[in-house]
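Please open the structure in your viewer and keep the selection panel at hand. The stops below are taken in turn.

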Amino acid sequence: MKARVFVTLKNGVLDPQGKAIGNALHGLGFSSVGEVRQGKVIDLELSERDQAKARASLKDMCEKLLANTVIEKYEIELVP
Amino acid sequence: MKSAVIVFPGSNCDRDAAVALEQLAGKKPAMVWHGDSELPDVDLVVLPGGFAYGDYLRCGAMAGQSRIMRDIKEKVGKGLAVLGICNGFQVLTETGLLPGALMRNADLKFVCRPVGLDVEETQSSFTRKYSKGQRVTFPVANGEGNYFADEATLDRLEAEGRVVFRYAEGDNPNGSARNIAGILGEKRNVMGLMPHPERVCDPALGGTDGTALFESLIEALS
């Protein structure tokens, strides 16, 4: 099974890169752009077939390594 | 004082730290590879500056999972002194040995220059040879030195006298919360700071403000 993990900064944590992207978009004339936040996408292949087990193990991976939960939050998406 | 400097793939201040330690302590530190499983018998471990594992994923994230870090974590619980400089500070927050996180500098620029620091806490093995409120100058060299922690954690660090160094008012190079440049762990045997004391231990290198930090450790740990 394949999984996709989204890691983004928590709300309220300053995201200077997102801000710079927003400024650049304004510079290009995209005047409708409001706040921009950026993050990471991590694609993983898993040999696990059980969805619940896969989800539990991905949560463990996020807590231990993939995200720094002091500043980041994560979302897990399974692609069966 | 017996010391060790941990060498990660991508460390680049490991030898600066070793030179400062050897000059001041009169003993060569052991250079310990990150893949080793056990520390030699030492009183102090230095996690040096650099870009361990190329800062992949997040700075300090991969290094925090190195084999040697397991042994360091265990020994910190028993009182081992650990000094994390720059990338070493990032490794300490990633392993949870120090609270908070180091984020991208607020202006997105890599900052490499001398900064003024105020020594805020002298009740520690790392700073006992400084005087409280002393202004010192250490160089910083970081792209991700923006210290962040939630308000409750920041209040606690201040209340417990664990903020050791603050950037001088108006000289905060990276947007760090409350101008924090260096902090102590709960048991005060772990310290992390973004500026580089090891680069100001020889007059030929432009200053000697860093020597008191290593002399503090030598006095406390010998």
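How are helix 1 of chain B and helix 5 of chain B oriented to each other? The two helices are oblique to each other, since angles under 35 degrees count as roughly parallel, over 145 as roughly antiparallel, 65 to 115 as roughly perpendicular and the rest as oblique. The model is a predicted one, in which local features need pLDDT of at least 70 and side-chain atom pairs count only at pLDDT 80 or more, while totals for chains, interfaces and linings use all residues. Residues are numbered from 1 along each chain as its sequence is written, and chains are lettered from A and ligands numbered from 1 in the order in which they are written.

**Stop 1: the helix pair in chain B**

Select residues 14-25 (helix 1) and 211-221 (helix 5) of chain B; they pack at an angle of about 60°, with their axes 10 Å apart. Helices (H or I, at least four residues) and strands (E, at least two) are DSSP runs, numbered from the N terminus. Axes are lines fitted to C-alpha atoms, for helices over the stretch in contact, and angles run from 0 to 180 degrees between N-to-C directions.

Show side chains next: helix 1 of chain B contributes B:Ala20, B:Leu21, B:Leu24 and B:Ala25 to the contact, and helix 5 of chain B contributes B:Thr211, B:Phe214, B:Glu215 and B:Ile218. Here, contact requires C-beta atoms, placed from the backbone, to lie within 7 Å. By class, these residues are 6 nonpolar, 1 polar and 1 charged; Ala, Val, Leu, Ile, Met, Phe, Trp, Tyr, Cys and Pro count as nonpolar, Asp, Glu, Lys and Arg as charged, and the others, Gly among them, as polar.

Now move to B:Ser222, in the segment after helix 5 of chain B. B:Ser222 counts as exposed because it has 10 C-beta neighbours inside 10 Å; the limits are 20 or more for buried, 12 or fewer for exposed, and partly exposed in between.

**Stop 2**

Colour the strands of chain B: 9 of them form an open sheet in the order 2-1-3-4-11-10-9-6-7, with mixed pairing. Two strands pair if DSSP finds at least two bridges between them. Strand 2 (30-33) and strand 7 (135-142) of chain B are at the edges; each has a single partner strand, so one side of each lacks a neighbour in the sheet. From one strand to the next, the twist averages 25°.

Select strand 10 (180-184) and strand 11 (190-193) of chain B, an antiparallel pair with 3 bridges. Within strand 11 of chain B, B:Leu193 is the bridge partner of B:Gly182.

**Stop 3: the sheet of chain A**

In chain A, an open sheet of 3 strands has the order 2-1-3 and antiparallel pairing. Its edges are strand 2 (39-45) and strand 3 (72-79) of chain A, each with a single partner strand, so one side of each has no neighbour in the sheet. Strand 1 (2-9) and strand 3 of chain A pair over 8 bridges, and A:Val5 has A:Ile76 as its bridge partner in strand 3 of chain A. Helix 2 (51-66) of chain A lies across strands 1, 2 and 3 of chain A, at about 150° to strand 3.

**Stop 4: between the chains**

Finally, display both chains: the contact takes 9 residues from chain A and 11 from chain B. On the side of chain A, helix 1 (16-27) supplies the largest share, 3 residues.

Technical notes: Contact = placed C-beta atoms within 7 Å.
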